[in-house]
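Please report on the local backbone features of this model.

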Amino acid sequence: MEGVVVAGKRGGRKSGNSAVLDAKPRKRNRRTNGRGAVLTITNGCFAGLEITIKKQDTSLGRAVSCDICLDHAFVAEEHAIIHKSNGRYEIEDLNSRHGTSINGEEIHKHALKRGDRITIGMFELRFSC
């Protein structure tokens, strides 16, 4: 059973071996309405789940200590990090075994722009800001 856990969220429930965030998919919104950057899961049972990026450095990985925990065998414990600097966002793969792709191309570092599709393990996320 795969799952997603977002740091700082409460109200999750246990499902199998994974903590699962109790969240309702929101209607698709082309703008973030001043919320900053948002990652939206676009596939699987978590499709539509929006995760707001609030920190300067947001970690993604399988470890529960990550800001965004993506529970899947192809996701490294500490897989990638999103850096925010001067209102811009950049994603960096942390030398994970299965890599990180943006719009279908494997990257090491990439400046994110609205509409980018990030693939980590089996998770596909859309970046908006």
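## Hairpin

β13 and β14 form a hairpin, with 2 residues between them. In the turn, glycine 121 has a positive phi of about 60 degrees. Strands here are DSSP runs (E, at least two residues), numbered from the N terminus.

The model is predicted: local features need pLDDT of at least 70, side-chain atom pairs count only at pLDDT 80 or more, and totals for chains, interfaces and linings use all residues. Residues are numbered from 1 along each chain as its sequence is written, and side-chain values use heavy atoms, with hydrogens and water left out.

## Partners of β14

Strand β13 (residues 117-120) pairs with β14 in the antiparallel sense, over 4 bridges. Two strands count as paired if DSSP finds at least two bridges between them. Isoleucine 120 has phenylalanine 123 in β14 as its bridge partner.

β14 (residues 123-128) also pairs with strand β4 (residues 37-41). That pairing is antiparallel and has 4 bridges. Here leucine 39 is bridged to phenylalanine 127 of β14.

## Asparagines with positive phi

Asparagine 86 has a phi near 50 degrees, a positive value in a residue other than glycine. The residue sits in the loop between β8 (80-85) and β9 (88-93). Asparagine 86 is exposed, at 76% relative accessible area. Exposed means over 50%, buried under 20%, and partly exposed in between (1.4 Å probe, protein chains only).

Asparagine 103 has a phi near 50 degrees, again positive in a non-glycine residue. Its loop runs between β10 (100-102) and β11 (105-107). Asparagine 103 is partly exposed, with a relative accessible area of 33%.
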